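Please keep the sequence and the model open side by side while reading. The paragraphs below move from ring to ring and then from helix to helix.

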Amino acid sequence: MSTELHPYQFLTPDAVLTAIEQLGHACDGRLQALNSYENRVFQIGIEDQPALVAKFYRPGRWSAATILEEHRFTQELAAADLAVIAPLADAKGNTLPECTVAEGVRFLFALYPSQGGRPPELDRPEHLQQLGRSLARLHNIGERQRFVERIDWTPDTIGLPALELLRQSRLIPPELADSFSAIAEAMLTGIAHCYERAGQVKQLRLHGDCHPGNILVRDGQQWLLDFDDACNGPAIQDLWLFLSGDREYMTARLDDLLRGYTEFRRFDARELHLVEALRGLRMLHHAAWIARRWDDPAFPLAFPYFNGRRYWDELILSLREQTGQLDEPPLAWYP
């Protein structure tokens, strides 16, 4: 069978249900695709049992060892009574089965309990304080050791590769390529200066992509999910995504977060030099992520503007504005 199509085009509903049933689960035919671009995620109805969530990992992105390191981390967190959605293990303790959906097309996948809820409300101090407490406990466990298979989140591992990939992608309009390269290089230089001002901050295992969409609130409990981007990095990487808006608003939200965080863990205020640096890295990383996935038919449909001039004009402007932010004093926090 030809596999010229993208591998995800072979992941039909029948293939998904067959993979789940081969593990011994009696599917009742209900299948709902959940919001995910990097992987493919489905909620599966199970006869006389709660629904399951199945995550089919993008082929070629992570090795099995890299995924299993994430799984072990979430299991370690769950064993410490943190509210995380950890993968389910079979009778032999395996959390990463594999299925074949077509000749030469295989998927690693994982099953999770289905958890409902809504995102936290960032204007409510109690939600941010509760989140701060959870992340402090996560970081206390995260510092026990470092990931071996997963990346370190640094300008060298994220920023420079993203810039190089975008330069080679041929998706930037030719008339904007030089302007984009120049401002991206200037921003990376400014980011390097932010890291110099912060000094040697502690590196630990992190959630890595901790934003409101990866938190579910239900019955007063906040559940952390989707550790797919778990990495080594500074603690502030799991905090800054909850800080946006003007400086006054961000300062208030930072205070809410750290009121909860410092109940369980000391926060190194030097890491505040990295907030805008990490924001800049994420901007480049996001653009490179879309470019890297452009062969996936879902991406041109989801980001139809990406290879047009307007997108790159706006990105260049955003990078220029972000570069200016790098020279601003860090947010103030008074413990």
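What follows takes up aromatic pairs, charges over rings, helix contacts and a few loop residues in turn.

This is a predicted model, in which local features need pLDDT of at least 70 and side-chain atom pairs count only at pLDDT 80 or more, while totals for chains, interfaces and linings use all residues. Residues are numbered from 1 along each chain as its sequence is written, and side-chain values use heavy atoms, with hydrogens and water left out.

The structure holds 20 aromatic pairs, a pair being two rings of Phe, Tyr or Trp (its six-membered ring) with centres within 6.5 Å, called stacked if the planes are under 30 degrees apart, edge-to-face if over 60 and tilted for the rest. One of them joins tyrosine 37 and phenylalanine 303 in a tilted arrangement, 5.6 Å centre to centre with 50° between the planes. Because tyrosine 37 lies in the loop between strand S1 (27-34) and strand S2 (40-46), and phenylalanine 303 in the loop between helix H8 (298-302) and helix H9 (309-325), the pair ties together parts that are 266 residues apart in sequence; helices (H or I, at least four residues) and strands (E, at least two) are DSSP runs numbered from the N terminus. Tyrosine 37 counts as partly exposed at 33% relative accessibility, whereas phenylalanine 303 is buried at 9%, where buried means under 20% relative accessible area, exposed over 50% and partly exposed in between (1.4 Å probe, protein chains only).

A further pair, phenylalanine 56 with phenylalanine 107, is edge-to-face, at 6.3 Å centre to centre and 85° between the planes. Phenylalanine 56 belongs to strand S3 (residues 49-56) and phenylalanine 107 to strand S5 (residues 105-113), so that distant parts of the chain, 51 residues apart, are linked. Both phenylalanine 56 and phenylalanine 107 are buried. Ring pairs also link a cluster whose members include Tyr37, Phe180, Trp289, Phe303 and Trp312.

Arginine 205 lies over the face of phenylalanine 147, at 5.9 Å from the ring centre, and arginine 253 over that of tyrosine 249, at 4.7 Å; the criterion is NZ of Lys or CZ of Arg within 6 Å of the ring centre and within 35 degrees of the ring normal.

Arginine 253 also takes part in a helix contact, being among the residues of H6 that meet H3, where Leu128, Leu131 and His139 are among the partners. The axes of helix H3 (residues 125-142) and helix H6 (residues 247-261) come within 6 Å and cross at roughly 50°, and the two are therefore oblique to each other. For helix H4 (residues 155-168) and helix H5 (residues 177-198), the axes come within 11 Å and cross at roughly 180°, so H4 and H5 are roughly antiparallel. Axes here are lines fitted to C-alpha atoms, for helices over the stretch in contact, with angles from 0 to 180 degrees between N-to-C directions; angles under 35 degrees count as roughly parallel, over 145 as roughly antiparallel, 65 to 115 as roughly perpendicular and the rest as oblique.

Finally, two loop residues deserve a look. Aspartate 219, in the loop between strand S7 (215-218) and strand S8 (221-224), has a positive phi of about 55° although it is not a glycine, and at 76% relative accessibility aspartate 219 counts as exposed. Aspartate 226, in the loop between S8 and strand S9 (231-233), likewise has a positive phi, near 55°, but counts as partly exposed at 30% relative accessibility.

Methods: Contact means heavy atoms within 4.5 Å.
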